[in-house]
Amino acid sequence: MTNESDWENNSDNPRARYIVPNLDRALVMLELLSSRPEGINVSDLGVELKIPKNSAFRIAVTLENRGFLEKVENTKRYRLTPRLLILGAMSVTDANLFEKSLDVMRRLRDATGETALLGTFADDEGVVLDQALGTHHFKFAVDPGTRFCLHTAAPGKAMLAGLPESERVARVSRLKMPRFTPNTITSHDVFLKHLNEVAARGYGFDLGEEMEGQTCIGAAIRGATGAVIAALWITAPSSRIPDGQLDAFGAVVKSHADEISSRFGAVLSQIA
């Protein structure tokens, strides 16, 4: 096993004397756990990181205390929580996004009766940041930190449609587009044409494209510069949002998303 002092005496790194060993170990532990969704126990963490088991235990407990790790139920394994993902998403949007969105999200929930959600880009996927659970007895609930495919999700479509054309094309070209249901769009060219319709409408639909029987309606949120930073959407059983009411619900979702955008100073009338 590597001696603990080896973390501090890395001659290949000219900045080694400035590195905080325990912080460095904690970051390496997070990187390791990011590739092991099933979790790792403390003994194996020590072996893989080449540090004493006691050191691995103290680091894991500290990260658990700060909400970055959690115990896998009925095991001794640690795994990552969504906290890092949420922090990362916030870093590319705005630290005030939650503050500016929470009351609007709740009002959207009250206006529609359906679960309202807030999310943003996470590389070539989307990520759920927060939710306000619907008021119906049967409702959808999605854990914050959950990732979603951009080509099927209403918020993904809304955010992509709100991008400048060159950026939209570049992002779409990188997407993997697996089929989930018969309604899923799996062609990049067809999807780009579909996004033109979303852009003209101002909101996107997921009509059973990832899960049959589920309908989602989403609209983009823009920051002070007018750039897309997030999305607001509702999710419901398809039976509660018939085709004839899609646009009525879409207008409600968009008006609430626009309210959040206005709080950032976005001038929507100037955005083509």
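Let's start with a word we'll need a lot: a residue is buried when its relative accessible area is under 20%, exposed when that area is over 50%, and partly exposed in between, using a 1.4 Å probe and protein chains only. Helices (H or I, at least four residues) and strands (E, at least two) are DSSP runs, numbered from the N terminus. With that in hand, look at α6: eight of its eight residues are buried, so this helix is mostly covered. The buried residues of α6 include K157 and M159.

A quick note on what you're looking at. This is a predicted model, where local features need pLDDT of at least 70 and side-chain atom pairs count only at pLDDT 80 or more, while totals for chains, interfaces and linings use all residues. Residues are numbered from 1 along each chain as its sequence is written, and side-chain values use heavy atoms, with hydrogens and water left out.

Now zoom out. The protein has nine helices and nine strands, and of its 272 residues, 45% count as buried. Contact means heavy atoms within 4.5 Å. Take the contacts between residues at least 6 apart in sequence: 57% of them join residues at least 24 apart.

Back to α6, and a partner for it. Two packed helices are described by the angle between their axes and the distance between the axes. The axes here are lines fitted to C-alpha atoms, for helices over the stretch in contact, and angles run from 0 to 180 degrees between N-to-C directions. For α6 and helix α8 (residues 188–201), the axes come within 9 Å and cross at roughly 80 degrees. That makes α6 roughly perpendicular to α8, a label for angles of 65 to 115 degrees (under 35 is roughly parallel, over 145 roughly antiparallel, and the rest oblique). On the α6 side, K157, A158, L160 and A161 meet F191, H194, L195, V198 and A199 of α8. Sorted by type, the residues of this contact are seven nonpolar, one polar and one charged. Here Ala, Val, Leu, Ile, Met, Phe, Trp, Tyr, Cys and Pro count as nonpolar, Asp, Glu, Lys and Arg as charged, and the others, Gly among them, as polar.

K50 lies in the loop between α2 (42–49) and α3 (53–65), and N74 is in the loop between β2 (69–71) and β3 (77–80). Phi of K50 is near 60 degrees, a positive value in a residue other than glycine; phi of N74, also positive in a residue other than glycine, is near 65 degrees. K50 is partly exposed, with a relative accessible area of 47%, and N74 counts as exposed at 77% relative accessibility.

F249 counts as buried, at 15% relative accessibility. Leaving aside residues up to four places away in sequence, F249 touches T112, I217, I234, R240 and I241. The C-alpha atoms of F249 and G218 are separated by 9.6 Å, though these residues are 31 apart along the chain.

Finally, visit G213, in the loop between β7 (204–207) and β8. G213 counts as partly exposed, at 45% relative accessibility. Again not counting residues up to four places away in sequence, G213 touches A236, P237 and S238. Its C-alpha atom is separated by 7.5 Å from that of S239, 26 residues away along the chain.
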